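Biologist: Please show me the model, and then let us discuss it by question and answer.

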Amino acid sequence: MAERKARTDFPLVADAFVPAPREDLDTQIRSMIWPLGRVIHRIHLSIYCGTAFNPGVKGNARFSPIRDRAGASIPTLYGGTTFDCAAMETVFHDVPFAPGLKTFDQTRLAGQAYSTVIPRRDLVLADLSSTALRSLGLRRGDLIDTEKDRYPGTRKWAEAIHQQCPTVDGLCWVSRQDDRARALVLFGDRIPADDLLLATATRSILENVDLFTSLLILADRIGVCVV
């Protein structure tokens, strides 16, 4: 068997095995436009209104919590292009990639709400799709298809893009959980409150029959039994 050679094109983040961010992202990052009026689907804690950003103090997500150059927390808002994407990236995020019966306790949906949001202006997002990542010398497995143990390293990329690309409003990528859709995260310090508009009233996942039914249909598709 041929000996596998380690990649040497990037230094490694010691605690996460994620390539360290480049120093020239301001010229190398490809951007895309999320146009004015395009719906953002999101599932979030009901303690926040539909257009509210998470303060970014706690959590352990791929691109949050993050801090700016001065060390201040950057508020973030996650979303996706569809309801299924939003659900896969939140409530079903930790469902194992394994065959056979998988159960999900519906009490975990308590306090979860669904909102749709539209921007009142074009949003400039860093494109982290596979083709755009190639221009940075990255694979999806370096940044998007990582497990939680590598999140400290992937968050360094979000911080580096935020610091080096002052006109970027957030990040956008093909969802790892639902590759039929795109996921995005917005930087709260770049988007004033009145730049986002609640498109439909925020609804409880558990208490709204239509939403809960949609979630059950998705659960069945991924082999999960909600109990």
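This is a predicted model: local features need pLDDT of at least 70, side-chain atom pairs count only at pLDDT 80 or more; totals for chains, interfaces and linings use all residues.

Biologist: Is Gln164 buried or exposed, and what is its relative accessible area?

Modeller: Gln164 is found in helix H5. Setting aside residues up to four places away in sequence, Gln164 touches Arg22, Glu23, Asp24, Leu25, Asp26 and Arg69. Buried means under 20% relative accessible area. Gln164 therefore counts as buried, its value being 18%.

Biologist: Where is His93 placed, and which side chain does a polar contact of 2.9 Å join to that of His93?

Modeller: His93 sits in the loop between helix H2 (83-88) and strand S6 (102-104). It is buried, with a relative accessible area of 17%. Beyond its neighbours within four places in sequence, His93 is in contact with Ala87, Met88, Lys148, Tyr151 and Gln177. The polar contact of 2.9 Å joins the side chain of His93 to that of Asp94.

Biologist: Is Asp122 buried, partly exposed or exposed, and which backbone nitrogen does its side chain reach?

Modeller: Asp122 belongs to the loop between strand S7 (112-119) and strand S8 (123-127). Its relative accessible area is 42%, so Asp122 is partly exposed. At 2.8 Å, the side chain of Asp122 reaches the backbone nitrogen of Leu36.

Biologist: How many Å apart in space are Asp122 and Asp169, C-alpha to C-alpha?

Modeller: Apart from neighbours within four places in sequence, the contacts of Asp122 are Ile33, Trp34, Pro35, Leu36 and Asp169. Asp122 and Asp169 are 47 residues apart in sequence, and their C-alpha separation in space is 9.7 Å.

Biologist: Which residues does Arg140 touch, not counting those up to four places away in sequence?

Modeller: Arg140 is placed in helix H4 (residues 140-143). With 18% relative accessibility, Arg140 counts as buried. Not counting residues up to four places away in sequence, Arg140 touches Ser130, Leu133, Asp145, Val174, Ser175 and Arg176.

Biologist: What is the volume of the largest pocket, and which residues are the closest to its centre?

Modeller: The volume of the largest pocket is about 1,100 Å³. Of its 38 lining residues, the closest to the centre are Ile43, Ala61, Tyr78, Glu89 and Thr90.

Biologist: Which elements give two or more residues to the lining of the largest pocket?

Modeller: By class, the lining has 18 nonpolar, 12 polar and eight charged residues. The elements that give two or more residues to this lining are strand S2 (40-45), strand S5 (76-80) and strand S10 (182-187).

How values were computed: Residues are numbered from 1 along each chain as its sequence is written. Side-chain values use heavy atoms; hydrogens and water are left out. Helices (H or I, at least four residues) and strands (E, at least two) are DSSP runs, numbered from the N terminus. Buried means under 20% relative accessible area, exposed over 50%, partly exposed in between (1.4 Å probe, protein chains only). A polar contact is a pair of N or O atoms within 3.5 Å; within protein, one must be able to donate a hydrogen and the other to accept it, and residues adjacent in sequence count only if both atoms are side-chain atoms. Contact means heavy atoms within 4.5 Å. On a 1 Å grid over the protein atoms alone, a cavity is a set of points where a 1.4 Å probe fits but cannot get out, and a pocket is an open set with protein on both sides within 12 Å along at least five of seven lines; lining residues have an atom within 4 Å of a point. Grid points are joined across faces, edges and corners, and a volume is the space filled by probe spheres set on the points. Ala, Val, Leu, Ile, Met, Phe, Trp, Tyr, Cys and Pro count as nonpolar, Asp, Glu, Lys and Arg as charged, and the others, Gly among them, as polar.
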